[in-house]
Every structure is written in C-alpha cells, then in structure tokens.
Amino acid sequence: MWWDDLLNHGEEPFDISFPPVRGVHPSLTLKVAVVHACDDALSDSLIDCEIARDTDAGHAQFAAYATSEDISQLNTAVEHFQLVLDQCPVSHPDHAAALTNIAWARLLGYIRNDLQDIDGITSLFREALALRPQRHSDYPISLYNLAMALTWRHNKKSTAADICEAAQLYHELLPLCPESTYLRSIVEGPGVDYVIGGCNNLPIDASEEGICLRRVVLELCPQGHQLRLSALANLSWVLISRFEQRGNIDDLDESIRFLREAVSLCPEGYTDRDIYLNHLAVSLGHYRFNHQGKPNDLDEAISLYEEALRLRPVGHEYRNVSLGTLGLALVSRFDKRKDIGDITRAINLYREALTLCPPGHPNRNITLNNLALALKTRYDEFDVSEDLNEAIDLYRESLRLKRLDDPERHVTLFSLGWALSSRFTHTQKNEDIEEAITLCQESLAALPSLHPDRCFSYTWLKGAYLSRYRILHDPADLSLAVENFRLASRHPTQGFPNRIRTALRWVAEAENHQHDSALEAYQVCLELFDNHVMTRSSIISRREAATAFSGARSLPVDAASCAIRGDNLRRAVELMEQGRGQQWSLASRLRTPVEDLESANPKLAHKYLELSKLVSNAAQSSATITDRASADQAATKYRKLTEQWEAAVGEIRNLQAFSRFLLPPLYADLQAAARHGPVIILIASQYSCSAIVVPTSGDPHHVPLSSITLADLMTLKDRFTRAIRHASRMNPAETRTDLIVLLRTVWDEIMLPIVNVLENVFKLKRRSRIWLCPTAAFTSIPLHAAHPFQTRADRSKEPCLEDLYICSYTPTLSALIRSRQMMKRRVTPSFVAIGQGQPGAGKGKALSAVDSELELVHKLVPTTANHTTISGDAATRAGALQALEENTWVHLACHGKQDPAQPYNSHFVMRDEHLTLLDIMDRDIPHAEFAFLSACHTAVGDEETPDEVIHLAAGLQFSGFKSVVGTLWEVDDAVAKHVVQAFYTYMFHPKEVGVMDPTKAAWALNCATHAVKTTVPLEQRMVFIHIGV
C-alpha cells in the first residue's frame, strides 16, 4: 500500500489484512494522522529514528539467527536491542517493548544453549510485565512471555516454584485471550501442556498454596483436555491429604466429586481404570464411611473394589493393593453386619496379599497391619486366642519395618497396644498392659493436637486403662479411662460416628462401674447424636443415622433414669425431651415461630426465615435423588446451607433475650406444657421404671414404679397384642377377660401410684385434664384405659383412670407447647371429611361403613362451618393433601397402615397412591386445628429410633394440627361409627351452636367412650386416643 493510498483514507479508520498464521487471519485497524515536526521536536524525532533503525536491525539479525543458528548474529541482535534499551529510559513509552525484545533474543539463545543467564532473562520479562498494567493492550503478551521464560528455566533447572508460577500466569492469561485469535492459539500450544504436566508431577502438597495450585491446573484443563484426568486425580489427592490432617468433610466430599468425574473419563478397557476405581473406593469406603457412617458409601466402595480386583488378575503388579483395600472394606462391613463370610474372606484376601509381598516388598508393612486388624476383629467376635496371638506377632513385625518418621507409625502403635490390652484381659500378664499403655501414649505423642487419629489413640488408651482396672481395681485407672473417654468423644476433627460409639461405650462403662461421669456421658451422647443426625439432608436418612448405633435406642430413657437416680429430676425431664422426638425437633427447628425475633431484629429474623426455607427445600429435594454423584452434590449443598443457617442461629443467640434460641429447652421452658394440667412422663429404662409428674408450677415429682421392670413391660406389651387379636375374633357380647386382666395390671402396677400422687400431693380435682407422655415400652400399652375392675362394699364401681381424669397423650412436651402457641392464630374454621372405602386391588378389604360414617359426620358438623366431603374416586393422594392444606378440621375414614420397617412410609390408603407420613410432614399447615383419624394404626410409634414417636397422628400434629384423635390398633369401621357419632355429638353440643373448639376433643372422646359402653366392645372403645391440646 502506497503513502498516497494511506492518505486517501483521511481521518477514517481502516483495516489491513495479512496472510493467515496457524489458521488465524491477523488484521490491523489503522488511522492516519499527519504530524508536522517543529524545531523543538527535531532532536526527539532523530532519536526516535535511531531507535527504529536499531530495532529493525536487531530484528533482522535475530530472524537470521533463528534460521541459521549463527551465534554471531544473535550477539549482533542483542547489541542492537541493548542500544535501543539504553535510549529508552524507564519513563520512555517504549521501555517495556525494548525490554521484551532483548529478553526474547536472549531467551532463544538460552533455549539453544548459546547463552546461560536465564535469571537475568526472566527478570527482564518480569520488569516489562510490571510496566504494563492489567488493562494495557500488551498485558496478555507480557504474561505469556514471562510464563515462557519460567517454563524454560524449569525445563533446565527443575525448579518447582517456576512451574507453579507459570501455571498461575497461564490461569490469568487464558481468559484474556479471545477465541480464534493468534495469541489464543499460541497460549493453548505445547507450553501450557508442559506446565500442566510439570505441576502434575509435583509432590503432594496439602497446604493452602498447594491446593490452590491444583485448582489452577484443573481450570487449565477444560472438558476434553488430554491432561484433565491427571489434574482431577492430583487435586482429589491433595484434598484427601488435607482431610486426613484436619477432618473437614467438605474436602472429602469435593475429592469424591472429582474422583467420580475421573472414573467417568476411564471407560471400560482404559489402561488405568483400575487405579481410579480404587482411589474412589478408598475415598468412599475408608474415609467417608468412617467419618459419616453411611452404609451406601461402604456398599458402593466394595462394588468398586471388586471391579478393580477383576482388572488386576493374578500376576498384576498392583493385585496386592486391591486385595488389601477390598479386605479392609469387608472388615468394616463385618463390624456393621456381623456376616462371618465378610471377615473370613477379608482374612483370605490378606493372606494372598501377604504372599505377594515377601520381605523387602514396599507394601509388606501395610499388608501385615491389615491382616493383623482382620484377625483381631475376628478374635473380638469369636474369642479364638490363636487369632489374637497371630495379630500381635504381625503388628510387631509391621512396627519393626516402620521408620520412626513414618506418618502412619502411630496406627501400628495404637493397634498393637489395643491387641496387647485384649490379651492382658485373658492372661493378666502385667507386661502386656504396661506395653499397651506405653504404645498408646507414644502414638499420641506422634500426632499434632487436631489430627483426627488422636481420637483412636485416646480410645485404645482408655481401653488399656479399663482392662487394668477390671483386674487390679485401682480407681486411678478408672479415672484415667474416663478422661480418655472424654477426650476421644469430644475430639473435634474426628467424624461423629466414631465419637458416638466412644460416648456410648463411656455410658456403658460409667453405668457398669457406677462412676459419677455417667450423666456427663449421656449428655455428650445426646449432643453428638443431635449434631450427627443434623448433617443428614433427608428425614429418612436422619432416621437411618439414628438407628445405626447399637444401644442408642434406649439412650433418652437411660439418661433420664441416670438423672433420677442422681436426684436431679429437672435434668431428667430435660434429657428425656432432648433425646425423645429428636426427628421431630430437628425438623421443627426450620418451622420455629419468630414473632419475638421479628420485633427485636426484623432483618435477622428475615435472614433466618429465608435460610430455614432454603434448608427445608434442599432437604426435600435430596430425598428423591437416586444417582450417587447427584446425591453427593445435594448433600454438599445441604451442608453448606446448614452451615449458613447455624451461623444465623449463632447471631440470634448473641442477642439479648435470645441466648437459648433453638437450644434444648430447660425445665422452666418445658413446664409450659403443664399449663392446663400435669404432664406425666413414663420412663421405661433397663435400670429403672418410673414416672415424673411435671406440675403446672414448682418442681417435678418422682413416682417410682418399683414393682415393674422393662422386661415386665415388654411381656405386657406382647400380651396386649395377643389379647386384642383374640378379642377381634370374639362375639361383641362376650366378656374380654384377657383384656380386663391386663388393664387391671396397668392400673395396679403403673397408674395407681401416679393417681395417688395426683390426688394426695397435687390435690388434682376429678375430671381435670392430664397428659401422658409414655416412652419406650410404655408407648405400646393403653395407659389411658387402666382400670381396677373392682366393686366396693357399697356395690359401687371403683373409678378407672378415665373416670377420674380427661386423658390426652403428647409425643413430647415441646410438641404440646408448640401446638398451644399456634392456637393463638385461629382462622374461620372449615371442615372436610375424607373417606376411602374402596381402596382398590391389593390395598386392603373394602370398608362398607365409610360412606355412612361420612354422611353421619356431615349431619353432626355445625352448618355454620364450610363443609366438604371427599370420597370414592375423588379421594386420591393429591386430593387428600390439598384438603389437608385448605381446611382447619379434618375427618379421615380409611385404612391406615403403620410401616414397622420405615415408619415414614406409614400411610393412609387412598384410591390411587398412598398418603404417607412423609407427605404429611412436608406440609406446613399452621392454621390446621383438629383431625379425627378413623383408621387403623394411626398412633403406633417406631421401635427402632432412640425412643421416637413416629406415627401418623404425630405427623399431623407436627404439620400443624393441634388436636388429633388417633388409633392404637385395627378399627372395625362398622363399630367405630358409634364412637364417631357419640364424639361429634359431644364435640358440637346443641347449646353451643357454631362453636368449633379443638381443645374440647379430649373431653368429647372421654364422654363418647363412656356413652357407647353397651354397644361397642372394650377393645374398640379403648383403641381411640387423643393427642395434643
């Protein structure tokens, strides 16, 4: 293009295109301006001309060197570039360009081994970059130049700092290079791949800087990049390494997510698929299972280990590794399920692995340790002394092979101590226990204060002290054992499952030896359970977590019994409440009314409510996820939200008057449950059976039930089940002799001592209201129907419990308090009757009296109430849920089924799908008031969770219904209709036209069961109970 052509463009910008380079078509946008030089600028123009000539000469010589490799041409180029640099001081606009030119010339000389000063070259590029701020047009190319210099210095000198810095520079550079540009094409070339490979070969570094580098490298490897697989693996390994040091579950979950992606990048037939399968399995089955105790993690890990082992047949160099990791998972599963096939196979796998690791093999040490663990585990279950002695020999050999600075030496130390402690129990050789204690103390000394494995060192050390105490009976040993129980169960970086198991053992030992730390042990257990269960996102997974520990089911009643034996009744009530209804209390935290908080701090109240909604939604959505990777992501999201929610709760507790917000309630708070009548908590513990009466004011009162034991109650429960089944087959007019005998026992052994206290201590008037809060075995006994069945000398009948008082039940004191608080917000009542007498094939027999029952209810409900009836084809799951949400009063007439295996699947049978307890709990119906459940098994609780009351009636109360009538066993719909008619007749008295008061339900049920004595058999009268206000 000639000058005349350039000038013809005037002041308008125009483009010049160039031949393509690497598939990119370069172009420039130019604008012509005519500059008239004046005399003062003449010298500057001459200098600029000289700079331009030297620059051009330097580039010409540099280009010649690039093709000829003649070092004299390189030296000449460097001389010209140095002249230019000398004429461009720091303030000169071309100083950075001059630095870059001479640096590139010298770098090429360094690459070809013609020059050696790489440090000086790097400094020149670094100085040029410093002169070009982030928004400078040449900032990206300056980043690239420095990255290249660092890369070549690493290539020649292998300096880790250089490759790390180069990775950071590429990470910053790539987003600055638009797609389809020349700079992008060279940045994505071999240089960045070299940097990624160099970083991937660096040693594992779990520091913040090391993990940050691995994240940078992964971002340099987008989906489809050939090095993404190794980048994923390296990042996952450093995260696991940090998890081992700090015990932060977020690191482990993130590592598992990356390993899942890595496995997905290794299809069948991929060379290293076995390696990534094994790594993922270790993360799931060893690390996360031990930390959180999720059975699905262990099962998935074993499946992955099995596949990896198949990919490593006999003769494969890593077969011994797969044998060992699969064996370890099988030992863990044996600990949980006690299947002898698992532990037998684990030992066989380890023996095969040991044959593959002869003396001198690098994996012999760990294989010895693993085989010893499996043998010791089998010894603990089957008491075969040969297993224990072999385990000790194997541990000793393993310890001899370990260097003093081996990071895993502490594991062998406390494992050998554990085994020696077990042998001392049988042989009583003092040298065994002395060595055991020394080894455990040495393992503690080897670990930093927050290392997760300190928990195991404490655990085995307390075991050693306990073993010695049992033989020598020195109180100092018991005190030392208790102190190590305390340290192990409270160790913050160990997972909840291991700490819970330790705390449960502490409880057992403290009770067994009558140590004064027993109550503290119970408190620690309940706190750990609460925290552990809260980490689970769905209601069902919370129940799974709560039922996973042997001995935990009776924890609340045993804790209360311990407090009673210590004459601390207020604490007994608090512990009973904290442990009982744990599932309800965790879920209700997200529905806690915050009117007072809204007045004190509206902004914080809004934040809390929004986070509660997010946590609740995350919990509900996670319940439907079946894909393991998606479930992991949902669990991580839930945990993050829970952490934010807990932080908001912490802020609230810092406010004056809110210091105990959502903490387990104190007795002073719980006493509000007895505002309208005493609450009687019935405690069935293996240590004692008793009742605590919580009065309207003042201290609680203890009622010993010394003539009955937990075993007696279990027998009584079974006898009731048989007697009711027998009564259902009898003629209505026949005397229910078996039931009468049992109800007399309930009166004499359980309720009479309580009635005596109510009458003589609290002077409670007849026909007053009382609330029963049964626990454990008491929940399956119809306490409200207790009856002396005796005639006085004047031929009058001895009054039964329901003659004396109006009885209601409450699952927990908090549930009753919450229902009363919600009664303040009443709306215009509306009534719906839902009936399903034709449930469909396979869903139960037809209930012929349902439609007539609905008609009867319709006639008895006040005409002033908005009344609807749903039955037949309209009585579907969706229709019933909508009706529950839209009405304040509900009558349900249908089949009700309690699911003993999974109580949250307990349900009402509708036309299409079941209406489950989980469906009901998902609804928040604050204006709901009353529900009558004319269905079977609606108030029968869960027997597996720690003294929980999980049933349909309690679920309705949790969702918002303040007053509920439910059933304890099967209802005859034709006979129940008489109770229903009598109930609503009393509930809606003609003299109280239009009045719908849910607090009358207990009185109305009491009157109704009295009224139908001559028409309804005993078992069908006592089947109905009232729950709530």
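**Contacts, helix pairs and confidence in a predicted model**

Me: Leaving aside its neighbours within four places in sequence, with which residues is N278 in contact?
Reply: In this predicted model, N278 lies in helix 13, which covers residues 273-292. Once neighbours within four places in sequence are set aside, the residues in contact with N278 are Y305, A308, R312, V321, S322 and T325.

Me: Is N278 buried or exposed?
Reply: The cut-off for a buried residue is a relative accessible area under 20%. The relative accessibility of N278 is 6%, so N278 counts as buried.

Me: How many of the 11 residues of helix 26 are buried?
Reply: Helix 26 runs over residues 555-565 and is mostly covered. Its buried residues are L555, P556, V557, D558, A559, A560, S561, C562, A563 and I564. The number of buried residues in helix 26 is thus 10.

Me: Which residue, with a positive phi, follows helix 26?
Reply: The phi in question is near 60 degrees. The residue that follows helix 26 with this positive value is D567.

Me: Are helix 33 and helix 34 roughly parallel or roughly antiparallel to each other?
Reply: Two packed helices are described by the angle between their axes and the distance between the axes. For helix 33 (residues 710-727) and helix 34 (residues 737-760), the axes come within 9 Å and cross at roughly 150 degrees. Angles over 145 degrees count as roughly antiparallel. Helix 33 and helix 34 are therefore roughly antiparallel.

Me: How many nonpolar residues are in the contact of helix 33 with helix 34?
Reply: Helix 33 contributes L713, L716, R719, F720, A723, I724, H726 and A727, which meet D738, L739, V741, L742, L743, T745, V746 and I750 of helix 34. By class, this contact has 2 polar and 2 charged residues, and the count of nonpolar residues is 12.

Me: Is helix 5 roughly parallel or roughly antiparallel to helix 6?
Reply: The axes of helix 5 (residues 118-130) and helix 6 (residues 139-157) come within 9 Å, with a crossing angle of roughly 160 degrees. Helix 5 is therefore, relative to helix 6, roughly antiparallel.

Me: How many charged residues are in the contact of helix 5 with helix 6?
Reply: On the helix 5 side are I118, D119, T122, F125, R126, A128 and L129; on the helix 6 side are Y139, S142, L143, N145, L146, A149, L150, R153 and K157. By class, the contact has 9 nonpolar and 3 polar residues, and the count of charged residues is 4.

Me: In which element of the chain is confidence lowest?
Reply: The mean pLDDT of the chain is 86, and 89% of its residues reach 70 or more. Confidence is highest in strand 5 (residues 701-704), at 97, whereas the lowest mean, 54, is that of helix 28.

Me: How many contacts beyond four places in sequence does the model have for residues 944-950?
Reply: Over residues 944-950 the pLDDT stays under 50. Where pLDDT is low, the predicted coordinates should not be read in detail. With that caution, the contact count of residues 944-950 beyond four places in sequence is 41.

Terms used. Residues numbered from 1 in each chain as written. Predicted model: local features only at pLDDT ≥ 70, side-chain atom pairs only at ≥ 80, totals over all residues. Heavy atoms only, no water. Buried < 20%, exposed > 50% of the residue type's maximum accessible area, 1.4 Å probe, protein only. Helix = DSSP H or I, 4+ residues; strand = E, 2+ residues; numbered from the N terminus. Axes fitted to C-alpha atoms, helices over the stretch in contact; angles between N-to-C directions. Parallel < 35°, antiparallel > 145°, perpendicular 65-115°, else oblique. Contact = heavy atoms within 4.5 Å. Nonpolar A, V, L, I, M, F, W, Y, C, P; charged D, E, K, R; others polar. pLDDT = per-residue confidence, 0-100.
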